[in-house]
Amino acid sequence: MNAATFPMIKAEGITKTFVLHNQGGQRIPVFSGINLTVNAGECVVLNGPSGTGKSTLMRALYGNYLVGGGAILVRHGDDWIDMSRALPQEILSVRKHTMGYVSQFLRAIPRVPALDIVAEPLVALGEDEIKARTRAGELLSRLRVPENLWSLAPATFSGGEQQRVNIARGFVVDFPILLLDEPTASLDAKNRETVTDMIREATARGAAIVGIFHDEDVRDRIGARLYDIKLQEQAA
Ligand SMILES: Nc1ncnc2c1ncn2[C@@H]1O[C@H](COP(=O)(O)OP(=O)(O)OP(=O)(O)O)[C@@H](O)[C@H]1O
Ligand SMILES: [Mg+2]
């Protein structure tokens, strides 16, 4: 099968307006009637200035936000799940098996060692704990997180160290779909290059990736397709 024509995400006519109920019901329209298709083996970069709704679109794809109208279809095994209407247990199943999400900041989980935070998604899929920790260690090594930190909870880690723990966790399972919200934002050049390599390897194995990267260099190295929310709105 030609991977380039095998859609993994089909978002059709989606609209998002935030309503601030605790501030007089003020409405903040973010985007309206946009379409986005992402195929297996490709990386799409959400593009546009600060505040255009890139993170909001990504969270909508992950089922974090309700959207007004449209559908967010995600290929989950042999099924299509509409993340905008799915039941909570369907969303959890998609997140467990199909779609990984690397947020910009790690939600520090008190007292859980970094190695376990990274291994957890594999353990949740039934992988043997020792094997899962070994895999987690390989990723942390690759991302240059010093081994003496692995047994510590990441709350005291530097911003870049926390981000690398977060990235390792997102890549520990070979998810068919990956959502990456500025994963390279606080990394040095060497680690940025490593993450770029990991993204390229993921698309090469057929993953569909939606990313937000401001770094020109990273986009070029990944060979990403740019997706501009505002241009999409005008076309819709
Ligand atoms: N939870 C929320 N409640 C209300 N408004 C929100 C919420 N999240 C985002 N917004 C608003 O939606 C708009 C888009 O925000 P979003 O975070 O998606 O932008 P972005 O394109 O990711 O920007 P940046 O490049 O700065 O990260 C902004 O005007 C923001 O104020
Ligand atoms: Mg953002």
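Modeller: Let me begin with a polar backbone atom of glycine 53, which is 3.0 Å from an oxygen atom of ligand 1. This is a predicted model, in which local features need pLDDT of at least 70, side-chain atom pairs count only at pLDDT 80 or more, and totals for chains, interfaces and linings use all residues. Residues are numbered from 1 along each chain as its sequence is written, chains are lettered from A and ligands numbered from 1 in the order in which they are written, and side-chain values use heavy atoms, with hydrogens and water left out.

Biologist: What makes the pair formed by glycine 53 and ligand 1 a polar contact?

Modeller: A polar contact is a pair of N or O atoms within 3.5 Å (within protein, one must be able to donate a hydrogen and the other to accept it, and residues adjacent in sequence count only if both atoms are side-chain atoms). The glycine 53 pair lies at 3.0 Å, so the pair meets that limit. A backbone N or O atom of glycine 51 is 2.9 Å from an oxygen atom of ligand 1, and a polar side-chain atom of serine 50 is 2.5 Å from one. Taken alone, ligand 1 exposes 640 Å², of which the protein buries 65%; such areas come from the Shrake-Rupley method with a 1.4 Å probe, and for residues only the protein chains shown count as cover.

Biologist: Which elements give two or more residues to the shell around ligand 1?

Modeller: They are β1 (7–20) and α1 (54–61), and α1 gives the largest share, 3 residues. Helices (H or I, at least four residues) and strands (E, at least two) are DSSP runs, numbered from the N terminus. The shell, where a residue counts if one of its heavy atoms lies within 4 Å, includes Phe18, Lys54 and Glu182.

Biologist: Why is strand β4 called largely enclosed?

Modeller: Buried means under 20% relative accessible area, exposed over 50% and partly exposed in between (1.4 Å probe, protein chains only). Since 6 of the 6 residues of β4 (residues 71–76) are buried, the strand is largely enclosed by the rest of the structure. In a regular strand the side chains alternate between the two faces of the sheet. Here Ala71, Leu73 and Arg75 on one side are buried, as are Ile72, Val74 and His76 on the other.

Biologist: How do you know that β4 pairs with β1 and with β5?

Modeller: Two strands pair if DSSP finds at least two bridges between them. β1 and β4 run antiparallel and are joined by 4 bridges, with lysine 10 opposite leucine 73. Arginine 75 stands opposite tryptophan 80. In the hairpin of β4 and β5, with 2 residues between the strands, glycine 77 has a positive phi near 65 degrees.

Biologist: Why is threonine 184 called buried?

Modeller: Threonine 184 has a relative accessible area of 6%, so it is buried. This residue lies in the loop between β7 (177–181) and α6 (189–204). Not counting residues up to four places away in sequence, threonine 184 touches Gln163, Arg192, Val195, Phe213 and Val218, where contact means heavy atoms within 4.5 Å.

Biologist: What makes valine 210 buried?

Modeller: Its relative accessible area is 0%, and valine 210 is therefore buried. Valine 210 is found in strand β8 (residues 208–212).
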